[in-house]
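The stops below each begin with something to select.

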Amino acid sequence: MAGEPEQPVGPLTRPATRTFFGSPAVDDLDRLDARVAFLGVPTDQGVIIPFIRSGLVRETRTRLRESRADGTSAGWFDIETERHYLEGVRLADCGDVLIAGGDMPLSQARTTAAARKIAQRGAIVVAVGGDHSISFPVGRGVAEAHQMVDVVHIDAHPDFADSIYGSKLQHGSQLRRLFELPTTKRFTALGLRSVDRDQYEDMKRLGVGFASTRAILEEGPRAVVDRLVQPAEKLYVSIDIDVLDSGLVPGTTLPEPGGIAYRQLRDLLATIATKGQIVGFDVVETSAAQADLATAMTSAWLIIHFLTAILAP
């Protein structure tokens, strides 16, 4: 069947016209040599049109924007800790997955193949969406490369429907598909606050660990992670920025009021990074159609801060 990951899927990526954080562009995944590899997945095919909106982060400038002549990052300085981070880390931008308009299975197969190849080259896969449907094909590719991963999902919504309007491959069901893979071991969802009862009951029935936004606010991010996320050999983390309060990210696809603060999200991620080797993560639902500088900056800095936590000595 077209789009199945074991079938030929044609070219996987196309070059980026501007790279994430000024990192060197890598157009041939077979020659990738990096500690961290960024992969754009510019698709909104998983969005329930026309009900909600959906986008991308590459244009945002941050203090992590320079690469040295040898291709390593110049890093960034944090005044709060008075330390320099990510200096000397080899970053690479692998361009965008070549999305096949109107053919979601083929697009997802290409996404899986690209993520798998990057992970097999030994790089941390950092996928930037696009809508949240990308987490299934990206996570699948990373898991196939590493044989088995635990998954931590951070989101205002569980995205755990078996199907929505008959679709099993969109941004409200992709985490269910990832959960069902034989290469997924344990599964945890954090930050939930807008949940259909049937998804809640399915998570309970299937043994998915989860915490609401309220639990994070009352217990604290570190306590929630310590309670729910078990030590693991390898972890894949999916981050929907709508876990944040809607006032912080008005340009996200499906904003919800009453979310957590940016620093609370940073604490969640920093604690997750202590639980095992992070082999990949995605940041999704920054809406290109709803262009907003604060939302784009928040997404970009989220990537930087999480990488800093993952790679901290």
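Begin with strand β7, residues 149-154, which is mostly covered: six of its six residues are buried. Buried here means under 20% relative accessible area, exposed means over 50%, and partly exposed is in between, with a 1.4 Å probe and protein chains only. Helices (H or I, at least four residues) and strands (E, at least two) are DSSP runs, numbered from the N terminus. The model is predicted: local features need pLDDT of at least 70, side-chain atom pairs count only at pLDDT 80 or more, and totals for chains, interfaces and linings use all residues. Residues are numbered from 1 along each chain as its sequence is written, and side-chain values use heavy atoms, with hydrogens and water left out.

Show the side chains of β7. V149, V151 and H153 point one way, D150, V152 and I154 point the other way, and all are buried. In a regular strand the side chains alternate between the two faces of the sheet.

Strand β8 (residues 184-192) runs parallel to β7 and is joined to it by five bridges.

Now select helix α3, residues 174-180, together with β7 and β8: they make a right-handed β-α-β unit. To check the hand, point the strands away from you; the crossover is right-handed if the path from the first strand over the helix to the second runs clockwise.

Move to helices α6 (residues 221-228) and α7 (residues 262-272). They pack at an angle of about 35°, with their axes 8 Å apart. Axes are lines fitted to C-alpha atoms, for helices over the stretch in contact, and angles run from 0 to 180 degrees between N-to-C directions. On the α6 side, select P221, R222, V225 and D226; on the α7 side, select Q264, D267, L268, T271 and I272, which complete the contact. Contact means heavy atoms within 4.5 Å.

Which residues does H305 touch, beyond those up to four places away in sequence? Select H305 in helix α8, residues 293-311. The residues touched are W76, Y262 and R266. H305 counts as buried because its relative accessibility is 15%.

The remaining stops are backbone details in loops. Select G129 and G130: the peptide bond from G129 to G130 is cis, with omega near 15°. G130 lies in the loop between β6 (124-129) and α2 (135-146).

E82, in the loop between β3 (76-78) and β4 (83-85), has phi near 55°, a positive value in a residue other than glycine. L86, in the loop between β4 and β5 (91-97), has phi near 65°, also positive in a residue other than glycine. Is each of these two buried or exposed? E82 counts as exposed, at 64% relative accessibility, whereas L86 is buried, with a relative accessible area of 10%.

Finish at G22, in the loop between β1 (13-14) and β2 (36-41). At 33% relative accessibility, G22 counts as partly exposed. Leaving aside neighbours within four places in sequence, G22 is in contact with R65 and S67. Draw a C-alpha to C-alpha distance from G22 to D44: these residues are 22 apart in sequence and 25 Å apart in space.

Note on methods:
Two strands pair if DSSP finds at least two bridges between them.
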